[in-house]
Amino acid sequence: MRYLLSILLFICCYPIGAQTYSDVHQVRRHEVNFGFAVASCLRTTSTYKDYESRMQEEMGIRRASTVYDLGPIILRGGYYYHFNDKIAIGGTVGYVSSWYPYRTDTWYEDDLKAKSYYVMSSCKYYWFNSSWVRIYSSVALGLQYQKFYLTVPDDKQKEEQHTHVAYHLTGAGVEIGKKNIRLQLQLGYGLEGIGGMGMSFHF
């Protein structure tokens with residue numbers, strides 16, 4: 001009788017214990033994230049400086065030192081599929097905008113604008129996982145479309161467009177939060193800036 005009760009108790013309790021273990025260790029397969037980043041992007045900055053030099057020669061423009069520059073500011077979004085608690089593969093899309101005030105001796109112009117759109121495929125690897133903190137690195141590669149333009153006094157625009165290979169390396173990324181919603185902080189190099197912040201949603 002005692003053995004029979006033990007067996008019945010085990011049968012009744014096992015599903016509860018198994019479900020609890022599954023909930024704790026379950027991998028959330030899908031991730032959607034949004035965020036922003038700041039600081040110079042390598043390709044955006046180098047291509048912009050070439051355009052800036054040509055405009056200085058053609059139009060005689062110079063920086064308006066009394067007005068602050070704005071940019072580049074990066075807005076991004078992405079999706080990842082998590083194969084396990086270590087590896088995730090997906091992609092990111094984003095928008096980069098910069099605003100640079102200029103002037104000449106005879107006229108003042110609002111700004112020289114630089115805009116960029118990009119799409120990249122990405123792979124993410126998690127080095128550390130705990131209930132509240134996760135540390136990862138990632139690499140992304142894709143394409144970037146750029147547009148630079150300056151409005152001159154006759155309402156004409158001096159415009160250039162470029163398409164380049166886009167890339168980004170995240171050396172250290174941190175996710176803070178529980179299973180479904182997490183705060184993201186990351187440091188890296190490439191198109192998505194040096195420092196970034198965002199939110200990720202897992203389901």
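How many salt bridges does the count come to? The count comes to 3 (a salt bridge being a side-chain nitrogen of Lys or Arg within 4 Å of a carboxyl oxygen of Asp or Glu). The model is predicted, so local features need pLDDT of at least 70 and side-chain atom pairs count only at pLDDT 80 or more, while totals for chains, interfaces and linings use all residues. Residues are numbered from 1 along each chain as its sequence is written, and side-chain values use heavy atoms, leaving out hydrogens and water.

Lys124 pairs with Glu31, with 3.0 Å between the closest N and O atoms. Strands are DSSP runs (E, at least two residues), numbered from the N terminus. Lys124 is buried at 2% relative accessibility. Glu31 is buried too, at 0%. Buried means under 20% relative accessible area, with a 1.4 Å probe and protein chains only.

Lys124 also forms a salt bridge with Glu175, where the closest N and O atoms are 3.6 Å apart. Glu175 belongs to strand β7 (residues 157-177) and Lys124 to β5, so the pair links parts 51 residues apart in sequence. Arg182 meets Glu175 in a salt bridge as well, at 2.9 Å from N to O. Arg182 is buried, with a relative accessible area of 7%. For Glu175 the value is 0%, again buried. Through shared partners, the salt bridges join Glu31, Lys124, Glu175 and Arg182 into one network.

Ser138 sits in strand β6 (residues 133-151). Its relative accessibility is 13%, which counts as buried. Leaving aside residues up to four places away in sequence, Ser138 touches Ser122, Cys123, Lys124, His168, Leu169 and Thr170 (contact: heavy atoms within 4.5 Å).

The model holds 2 cavities of 30 Å³ or more. A cavity is a set of points on a 1 Å grid over the protein atoms alone where a 1.4 Å probe fits but cannot get out; lining residues have an atom within 4 Å of a point. The largest cavity has a volume of about 130 Å³, volume being the space filled by probe spheres set on the points. Its lining comprises 15 residues, with Tyr80, Thr92, Ser138, Gln186 and Glu192 nearest the centre. Strand β6 gives the most to this lining, with 3 residues.

Conventions: Buried < 20%, exposed > 50% of the residue type's maximum accessible area, 1.4 Å probe, protein only. Helix = DSSP H or I, 4+ residues; strand = E, 2+ residues; numbered from the N terminus. 1 Å grid on protein atoms, 1.4 Å probe; cavity = no way out; pocket = protein on both sides within 12 Å on 5 of 7 lines; lining within 4 Å.
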